[in-house]
Amino acid sequence: MKKNITKQEIQSMNNGDKIYGEGLEIRKSISGIAFYACCQVRGQRLRQRLGSDQDGMNLTKARSALRREINKVPQQLSSGRSNPNIRFDAAADYYISTLKIAGGKNIDQKSQQIRMHLKPFFNNRKISSITTLDIEKYQHNRRNSGMAISTVNREGATLRHMLGKLDEWGIVNTKAIKIKNLSGERRKTNIFSDDQIRRILKAAESDFDKYTYLFVVIGFMTSMRHTEILKIKFEDFDHRSASLTIPEAKAGQRTIPVGTTLLEIIRKEQEKRAVKSGYVFASESVTGHRTYMKKQFQRCLKAAGLDGLGYTPHTMRHTAITLVISSGVSIADAQVISGHRTTSMLLNYVHHNNQAVKSAVGALAAVVMNNSDLPEADDLTINHDSQNARLHTEYTQQISECIWDQKGTTYSMNF
């Protein structure tokens with residue numbers, strides 16, 4: 001096998017001749033000169049047509065094309081076959097493709113983070129050459145570009161998972177690469193008041209997008225996540241047991257109770273569309289359903305006079321979970337509705353009621369001091385059960401007053 005190929009050798013070829021060298025195979029036929037990759041790369045045979053002179057391919061271009069194909073070989077590595085020379089872009093593609101086969105979670109989000117941010121930064125660097133300092137530089141650059149600490153930390157979590165899996169699969173040793181979460185940013189998440197819920201719902205029913213109102217109502221009534229809502233199918237609702245099965249959730253499939261009001265809205269939506277099954281938020285996209293409703297939600301906020309305050313669709317989840325807890329249910333029961341794996345995660349979504357806290361502090365003071373000069377404890381304490389019931393009733397009534405369909409029907413809430 002010849003080591004190097006020259007242009008003169010190619011020019012002097014006759015029909016039926018072949019030349020081997022530099023990992024290439026060059027063939028001459030009546031239709032022209034064709035270039036092929038023909039070599040072994042890390043124990044694998046690379047055999048692929050690179051192009052012909054009719055496509056504009058020549059020796060120089062064939063060499064470049066061969067190098068690109070060689071760099072793609074690590075994507076096809078099987079687990080347990082270590083490759084210290086694997087590059088970031090190839091490793092990232094292998095990571096995503098393997099996750100799809102293995103049934104990984106949040107693949108769309110991970111793919112987007114890798115494609116838009118991680119790949120452009122690390123490009124084709126060898127994984128083995130990446131250090132903790134490089135990770136810190138990436139985080140620093142993202143922060144300087146205006147990204148929130150929480151966003152950078154989520155990207156870091158994706159990178160951490162990717163490197164961990166590559167090490168676990170035996171592709172490349174990544175134990176020396178440490179990725180720490182950034183700190184220093186206090187994230188404050190507000191919840192909607194009863195009046196704000198009313199205004200948002202009224203704005204949603206006036207929005208020109210036919211799905212906006214459904215999205216907002218379901219968000220407030222179920223505490224579901226943005227992406228979970230958009231994947232709902234009509235057949236996921238069980239009208240007999242008044243429940244909704246969420247097949248694709250962050251913590252796995254779960255079933256939650258739903259109110260009769262929501263079931264009635266879904267039933268009327270089915271009648272209006274004359275369907276019994278299919279996505280509630282159907283579209284002609286690749287997925288078959290909407291994948292994003294943030295713009296529509298922002299329109300509602302603007303119409304309700306609430307834009308620019310940091311509210312997102314996720315605020316509906318915070319609001320709903322807080323009101324569920326305020327209604328007096330146990331943490332365990334609330335966890336069934338919210339779908340959190342741990343109670344500690346659930347409690348991150350619970351926002352206190354200032355009046356209730358103030359009253360509770362007063363009650364504590366009365367008990368501890370036990371001073372006759374203080375007002376009677378009964379004057380300071382409150383009946384939390386009755387107050388929570390009142391809060392929940394007011395919340396559901398506020399939503400109910402804004403529930404509307406084409407006939408102008410008002411429903412009553414019943415969780």
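## A strand hairpin

In this predicted model, the hairpin of strands E5 and E6 has 4 residues between the strands, and Ala242 takes a positive phi near 50° there. E5 covers residues 237-238 and E6 covers residues 243-246; the two run antiparallel and pair over 2 bridges. Asp238 has Ser243 in E6 as its bridge partner.

E6 also pairs with strand E7 (residues 254-257), again in the antiparallel sense, over 4 bridges. Ser243 takes part here too, with Pro257 as its bridge partner in E7.

## Aromatic pairs

A pair of aromatic rings is described by the distance of the centres and the angle of the planes. The model has 11 aromatic pairs. One of them joins Phe192 and Phe220, with 5.8 Å from centre to centre and 70° between the planes. The pair counts as edge-to-face because its planes are 70° apart, and an angle over 60 degrees falls in that class.

Phe192 and Phe220 are 28 residues apart, and their pair links distant parts of the chain. Phe192 lies in the loop between helix H6 (149-168) and helix H7 (194-206), while Phe220 belongs to helix H8 (residues 212-222). Both Phe192 and Phe220 are buried.

Elsewhere, ring pairs join Phe88, Phe121, Phe122 and Tyr138 into a cluster.

## Charges over rings

Two tyrosine rings have a charged residue over the face. Arg47 lies over the face of Tyr36, 5.6 Å from the ring centre. Lys233 lies over the face of Tyr279, at 4.9 Å from the ring centre.

Terms used: Residues are numbered from 1 along each chain as its sequence is written. This is a predicted model: local features need pLDDT of at least 70, side-chain atom pairs count only at pLDDT 80 or more; totals for chains, interfaces and linings use all residues. Side-chain values use heavy atoms; hydrogens and water are left out. Rings of Phe, Tyr and Trp (its six-membered ring) pair if their centres lie within 6.5 Å; planes under 30 degrees apart count as stacked, over 60 as edge-to-face and the rest as tilted. Buried means under 20% relative accessible area, exposed over 50%, partly exposed in between (1.4 Å probe, protein chains only). A charge sits over a ring if NZ of Lys or CZ of Arg is within 6 Å of the ring centre and within 35 degrees of the ring normal. Two strands pair if DSSP finds at least two bridges between them.
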